[in-house]
Amino acid sequence: IHPSVFQQIQAAEQAAAPGAAPAAFVQLGELYAGLAQAAVAEGSSPAGERFYAQAVAAYSDGLHQADVAAAPPQEVGGLHAGLAALYRGRVVAADGTSSPQYSELMTSEASAALQTLPADDAHRAELERWQAEGLRLLLTDARRRGDVGVALDLIDRLANSSAGAGTANFLAEERQALVVQQALELLERGDRPAALALAGDAIADPALQAPADSRTLF
């Protein structure tokens with residue numbers, strides 16, 4: 001660590017004392033996050049992991065102190081945004097696979113930040129994009145696992161987010177496809193009344209029925 005950076009960290013550690021303003025913890029978290037990125041760039045993954053953990057701890061401690069001190073909501077938005085940025089860096093692994101756990105963490109923190117940051121904050125557009133990215137990744141994972149209930153809940157969360165305004169038709173089609181999938185699962189379990197009640201118009205369409213000469217008598 002460069003001596004000047006080390007001095008900044010020492011000063012930030014002293015400033016981020018119990019009872020300090022959330023901005024002090026934001027500064028400390030940003031310093032540790034920068035060290036984590038630099039360590040990884042230098043090929044020192046163990047050091048990067050330690051600095052990453054310290055960055056998460058700084059932001060989390062700031063949220064705890066803000067809760068104890070009953071700080072105004074607009075002052076904690078930067079802490080949530082900092083955590084969202086940290087978690088976003090772990091959403092996609094080195095092998096290209098996505099992590100549902102980090103997607104959920106990023107989405108939750110981005111949503112919390114959007115609820116607290118002022119309407120004219122410069123970071124809102126970026127956080128809205130992260131929120132939408134996280135929800136779509138979680139929706140893809142839920143559909144892959146066949147978890148219709150979770151997928152429908154995620155569609156509701158997307159529809160209620162700022163990203164849902166321009167994707168109303170897409171979300172409606174996704175919802176309809178999931179409802180039909182859920183109805184077909186009920187049919188496979190022999191629960192025809194529940195399936196018809198859930199998606200009768202979609203699965204009882206005469207055009208989808210078997211030809212008359214192929215239907216069973218009973």
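Of the 218 residues in the protein, 38% are buried, where buried means under 20% relative accessible area, exposed over 50% and partly exposed in between, with a 1.4 Å probe and protein chains only. This is a predicted model, in which local features need pLDDT of at least 70 and side-chain atom pairs count only at pLDDT 80 or more, while totals for chains, interfaces and linings use all residues. Residues are numbered from 1 along each chain as its sequence is written, and side-chain values use heavy atoms, with hydrogens and water left out.

View 1. Among the contacts with a separation of 6 or more, 48% come from residues 24 or more positions apart, a contact being heavy atoms within 4.5 Å. The protein exposes about 12700 Å², of which carbon and sulfur atoms supply 55%; accessible areas come from the Shrake-Rupley method with a 1.4 Å probe.

**View 2. Helix α4 (residues 73–88) packs against helix α5 (residues 100–116).** Their axes, which are lines fitted to C-alpha atoms over the stretch in contact, with angles from 0 to 180 degrees between N-to-C directions, come within 7 Å and cross at roughly 160°. That makes α4 roughly antiparallel to α5, given that angles over 145 degrees count as roughly antiparallel, under 35 as roughly parallel, 65 to 115 as roughly perpendicular and the rest as oblique. The crossing is left-handed, meaning that the near helix is turned anticlockwise from the far one by less than a right angle. Among the contact residues are His80, Ala84 and Tyr87 of α4 and Tyr102, Met106 and Glu109 of α5. The residues of this contact divide into 12 nonpolar, four polar and two charged, where Ala, Val, Leu, Ile, Met, Phe, Trp, Tyr, Cys and Pro count as nonpolar, Asp, Glu, Lys and Arg as charged, and the others, Gly among them, as polar.

**View 3. Helices α4 and α6 pack with their axes 11 Å apart.** The angle between them is about 45°, and α4 and α6 are therefore oblique to each other. Their crossing is left-handed. Ala81, Ala84, Ala85 and Arg88 in α4 meet Leu127, Trp130 and Glu133 in α6, a set that divides into five nonpolar, no polar and two charged residues.

**View 4. Leu138 lies in helix α6 (residues 124–145).** Leu138 counts as buried because its relative accessibility is 8%. Leaving aside neighbours within four places in sequence, Leu138 is in contact with Pro100, Ser103, Glu104, Thr107 and Leu154. The C-alpha atoms of Leu138 and Tyr102, which are 36 residues apart along the chain, are separated by 9.9 Å.

**View 5. Helix α7 (residues 148–160) packs against helix α8 (residues 168–188).** The two axes come within 10 Å and cross at roughly 165°, which makes α7 roughly antiparallel to α8. The crossing of α7 and α8 is left-handed. The contact includes Leu152, Ile155 and Asp156 of α7 and Arg175, Leu178 and Gln182 of α8, and its residues divide into eight nonpolar, two polar and four charged.

**View 6. Ala70 is found in the loop between α3 (45–69) and α4.** Most residues other than glycine have a negative phi. The phi of Ala70 is near 55°, a positive value in a residue other than glycine. With a relative accessible area of 65%, Ala70 is exposed.

Notes
Helix = DSSP H or I, 4+ residues; strand = E, 2+ residues; numbered from the N terminus.
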